[in-house]
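Labels in a structure rest on rules.

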Amino acid sequence: MYKSQMLLQRIACFLMIGACALVFIYSLGLTTDLYGNNFHYYAENLNRVKVEGSQIFYNIQGFNRQLTGAGLVLLLMSVALLVLQNHTRRKYYVANYAVVGVNLISSIAVSIWALINIASYKQDFLQVDFEKLAEMAQLYQHEWTDSTFWFDASFVVFPVLIVAALFLLFTTLFKVKVMKAEAEALSLGKEA
């Protein structure tokens, strides 16, 4: 049972790092289609919008910067699992439990915050006048898309992060159980 617990412990740590890296990479691509649609060009003068709804490109920038920062912080916190040797440590200390707790709480909090905001921005994106966008794109020979891929991808990225955080919690609780069983076995051996 101890070897399987150690294997799960390693998997959980590396899965957490992978999930946090996925969030960071996702944050870098979130506004890709908005930029590709040249919304920055069509909403250049916010007093006179050329394509209705294209100002979403400017509205989402602050959130996107915050999401990128949050992704980077999540990634650094998940790397702290390796720094504190959560992936190989036989016995956990207070710092090991603390870094698991911080990773769990921050991952769930960032996921909820991001999903709520991304759903809101997706609704804003769907308000864009795509007929006018196609017209303007043809006039200026720009490419355009009405794809919501980057918004929809959040419904995969953030659940993966939550599952990774919960798996990390599960392996930590499993470790506590294994360590208690090992301590009981050692105390019975000393009494005999």
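Helices here are DSSP runs of H or I with at least four residues, numbered from the N terminus. This is a predicted model, in which local features need pLDDT of at least 70, side-chain atom pairs count only at pLDDT 80 or more, and totals for chains, interfaces and linings use all residues. Residues are numbered from 1 along each chain as its sequence is written, and side-chain values use heavy atoms, with hydrogens and water left out.

Q: Where does Gln141 lie?
A: Gln141 sits in the loop between helix H7 (130-140) and helix H8 (149-152).

Q: Why is Gln141 called exposed?
A: Buried means under 20% relative accessible area, exposed over 50%, and partly exposed in between (1.4 Å probe, protein chains only). Gln141 has 73%, so it counts as exposed.

Q: What makes the phi of Gln141 worth a remark?
A: Most residues other than glycine have a negative phi. Gln141 is not a glycine, yet its phi is positive, near 55°.

Q: Why does Gln85 count as partly exposed?
A: Its relative accessibility is 39%, so Gln85 falls in the in-between class. Gln85 is in the loop between H5 and H6. It also has a positive phi, about 60°, although it is not a glycine.

Q: Why is H5 called roughly antiparallel to H6?
A: Axes are lines fitted to C-alpha atoms, for helices over the stretch in contact, and angles run from 0 to 180 degrees between N-to-C directions. Angles under 35 degrees count as roughly parallel, over 145 as roughly antiparallel, 65 to 115 as roughly perpendicular, and the rest as oblique. Helix H5 (residues 61-83) and helix H6 (residues 94-126) pack at about 160°, with axes 10 Å apart. That angle makes H5 roughly antiparallel to H6.

Q: What makes H1 roughly antiparallel to H5?
A: The axes of helix H1 (residues 2-29) and H5 cross at roughly 165° and come within 8 Å. The angle is over 145, so H1 is roughly antiparallel to H5.

Q: How do you know that Cys13 is in no disulfide?
A: A disulfide is a pair of cysteine sulfur atoms within 2.5 Å. The nearest cysteine sulfur to that of Cys13 belongs to Cys20, 11 Å away. That is too far for a bond. By this rule the count is zero disulfides.

Q: Why are Cys13 and Cys20 called buried?
A: Cys13 has a relative accessible area of 0%, so it is buried. Cys20 is also at 0%, and therefore counts as buried.

Methods
Helices (H or I, at least four residues) and strands (E, at least two) are DSSP runs, numbered from the N terminus.
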